[in-house]
Amino acid sequence: MWISDNKIELEDGTVYELEHFTKHENWGKAEEINPQLLVELDKMREYAGVPFIVHYGTQGSHSPNSQHYHGNAVDGHFEGLSWMEQLLIATRFGFTGIGVYPFWNNPGIHVDVRENVNYRAMWWRDRQGSYHSIEEGLDNVRTSI
Ligand SMILES: [Zn+2]
């Protein structure tokens, strides 16, 4: 829940001040973005040291059961970093879903905090638009990207 332009309340009641994002990024419905996703994004942005441009939060067109529509996912890119750098950075943080999009106009990543999973879903989209899981055996995870 947003308390001010850059402060959010977490599920346990803790107030977290975002260093690098405000309510006014391209979140779609900012009120619906999972606070834990914002915390992980903020930590990742701090680590990367360059701006992260939000493309989509709750808005945009995604698969019907997409984590985006639950406020659990964000698409975006880091300014000046390759998709490989972005992937490597994202894996350091507490996302349970990471997608890599080398062929966006601005190559970037999807990160999400899908709940109740005991794995991390990782995938990439190829030049033709087909999805591939990065880890063997997780081909079923693509329904919620
Ligand atoms: Zn996405």
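This is a predicted model: local features need pLDDT of at least 70, side-chain atom pairs count only at pLDDT 80 or more; totals for chains, interfaces and linings use all residues.
Reader: How many bridges join strand 3 to strand 4, and which way do they run?

Author: Four bridges join strand 3 to strand 4, residues 73–78, and the two run antiparallel.

Reader: What holds paired strands together in general?

Author: Strands of a sheet pair through backbone hydrogen bonds, and the pairing can be parallel or antiparallel.

Reader: And what is the order of the strands in the open sheet here?

Author: Six strands form the open sheet, in the order 3-4-6-5-7-8, with mixed pairing. Strand 3 (52–56) and strand 8 (131–133) are the edge strands, each pairing on one side only. From one strand to the next, the twist averages 25°.

Reader: Which strands does helix 2 lie across?

Author: Helix 2, residues 83–90, lies across strand 4, strand 5 (97–101) and strand 6 (108–112). Helix 2 runs at about 20° to strand 6.

Reader: Different topic. Where does Asn26 lie?

Author: Asn26 is in the loop between strand 2 (15–17) and helix 1 (35–48).

Reader: What is Asn26 in contact with, leaving aside its neighbours in sequence?

Author: Setting aside neighbours within four places in sequence, Asn26 is in contact with Val54, His55, Tyr56 and Gly57.

Reader: And how far apart are Asn26 and Thr58?

Author: They are 32 residues apart in sequence, and their C-alpha atoms are 9.2 Å apart in space.

Reader: Why does Asn26 count as partly exposed?

Author: Because Asn26 has 15 C-beta neighbours inside 10 Å, and buried would take 20 or more, exposed 12 or fewer.

Key: Residues are numbered from 1 along each chain as its sequence is written. Two residues are in contact if their C-beta atoms, placed from the backbone, lie within 7 Å. Two strands pair if DSSP finds at least two bridges between them. Axes are lines fitted to C-alpha atoms, for helices over the stretch in contact, and angles run from 0 to 180 degrees between N-to-C directions.
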